[in-house]
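Here are some friendly notes to read alongside the model. Please keep the picture open and find each residue as you go.

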Amino acid sequence: MSTIQPMHANLSAPTANLAPSLILLLATAAGLSVASLYYSQPMLGVLGADLHSDSRLVGLVPTLTQLGYALGILLLAPLGDRYDRRRIIVAKAVLLSFALLLSAAAPGIGWLLPASLAVGLTATLAQDIVPAAATLAPDAHRGKIVGTVMTGLLLGILLSRVISGLLAEHLGWRAVYVLAAFSIAAIGVAAWRGLPHFRPTTQLHYGALLHSLLRLWRQHPALRRAAWSQGLLSLGFSAFWSTLAIMLHARFQLGSAAAGAFGLAGAAGALAAPLAGRLADRYGPDRVARLGAGLAALSFAAMAVGPLLSMQAQIGLIATSAIGFDFGIQAALVAHQTIVYGLDAGARSRLNALLFTGMFVGMASGAALGSLALAQWGWPGVVAVATSGALAALAARSIGRREGD
């Protein structure tokens, strides 16, 4: 018997056995919505040439998208504790579809940049979906279910580059945004029809809701540790992916399709999400987070030997490293979510907002630092930035272990 509640039912307690169709809907919605943040990365070269814009301005497209996402998480995601998450998800799906269509129609870079910021703001519907999954999940299986939904989200992040790279090369970059808009519209319809209603967990007005973020940040050392660590890992992740297409074109004369295809290597790392969830349930999330950060640091550092290898071997090393660091970063993310969601059941949207604000500030910083490092010191500079971020994340988790958080 299906466990999806009737469309007008209120749901305020975990569901003992989630229907596979509901888990699939949540995972697909998370993946397609967050993919909107990354479609631009492998097609920046094509996009810049078509809009007659230099690389510095074009580089602001992913930066503004991720800054918009961080801002949206901070200012909009907490509303999930105050209002019905189902309604928020549907409303954001409508707005995100519109923002993607604006991006597709942009006549120049001056129009595309604010549209990219709007895409980032509204793509935060992914951060309403993950707390919804945590709310629906029983305590004993929360790590597993959140990990499964995160698999969809992470596959969206990684495969978006493959899809956009191929489509941009054959259909043009505008087609990527148009198809993305239709996919989000379909998710909005499916969410409206398939998701249950969620009872609010607080009656705080908007100002007090935002003010409570500061209280939660001060109250929970484990939250601060998770946000810092995941933010530093995300810095390295973004430094790599935001500069890869430019490096591949300059060093190996590879186009947007080849750059996007590297997402297939990274997508293998998405298998870490359900595995990390199970391990976190069994052995504790702190251990999983430390192992993930350590694996990411080793994988980033391994790319430093690339200049000593043949061109073919360098490409293989980059692909192998992408599998390793994606696996580690995603395992750490699921572990950090498990930690954070267990702190206060009535504030999961706000706790999630703080964790992911840290993460996407790290993403935006990584995009900026990666571009700067590539311009000043070449690919070894990008590798150094990414490795340093992962080592700092590992240090943050190790300090937390000693302090008992």
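This is a predicted model: local features need pLDDT of at least 70, side-chain atom pairs count only at pLDDT 80 or more; totals for chains, interfaces and linings use all residues.

1. Residues are numbered from 1 along each chain as its sequence is written, and side-chain values use heavy atoms, with hydrogens and water left out.

2. The whole chain. The protein chain holds 18 helices and two strands; these are DSSP runs (helices are H or I with at least four residues, strands are E with at least two), numbered from the N terminus. Of its 405 residues, 58% count as buried. Buried means under 20% relative accessible area, exposed means over 50%, and partly exposed lies in between, using a 1.4 Å probe and protein chains only. Among contacts (heavy atoms within 4.5 Å) with a separation of 6 or more, 84% join residues 24 or more positions apart.

3. Helix α8. Is this helix mostly covered or mostly open? Helix α8, residues 126–136, is mostly covered, with 11 of its 11 residues buried. Among them are D128, P131 and T135.

4. Helix α8 and its partner α1. Two packed helices are described by the angle between their axes and the distance between the axes. For α1 and α8 the angle is about 160° and the axes are 8 Å apart. The axes are lines fitted to C-alpha atoms, for helices over the stretch in contact, and angles run from 0 to 180 degrees between N-to-C directions. The crossing is left-handed, meaning that the near helix is turned anticlockwise from the far one by less than a right angle; clockwise would be right-handed. L22, L26, A29, A30, S33 and V34 of α1 meet A126, I129, A133 and L136 of α8. The residues of this contact divide into nine nonpolar, one polar and no charged. Here Ala, Val, Leu, Ile, Met, Phe, Trp, Tyr, Cys and Pro count as nonpolar, Asp, Glu, Lys and Arg as charged, and the others, Gly among them, as polar.

5. Helices α15 and α16. Helix α15 (residues 285–302) packs on helix α16 (residues 311–341) at an angle of about 160°, with the axes 7 Å apart. The two are therefore roughly antiparallel, and their crossing is left-handed. Their contact has 16 nonpolar residues, seven polar and one charged.

6. S321, in α16. S321 lies in helix α16 and counts as buried because its relative accessibility is 4%. Beyond neighbours within four places in sequence, S321 is in contact with S299, A302 and M303.

7. S229, in α12. Where does the side chain of S229 reach? The side chain of S229 reaches the backbone oxygen of A393 at 3.3 Å. S229 sits in helix α12, residues 221–252, and counts as buried because its relative accessibility is 0%.

8. S40, in the loop between α1 and α2, is buried at 3% relative accessibility. H52, in the loop between α2 and α3, is exposed, with a relative accessible area of 74%. H52 also has a positive phi of about 55° although it is not a glycine.

Notes
A polar contact is a pair of N or O atoms within 3.5 Å; within protein, one must be able to donate a hydrogen and the other to accept it, and residues adjacent in sequence count only if both atoms are side-chain atoms. Angles under 35 degrees count as roughly parallel, over 145 as roughly antiparallel, 65 to 115 as roughly perpendicular and the rest as oblique.
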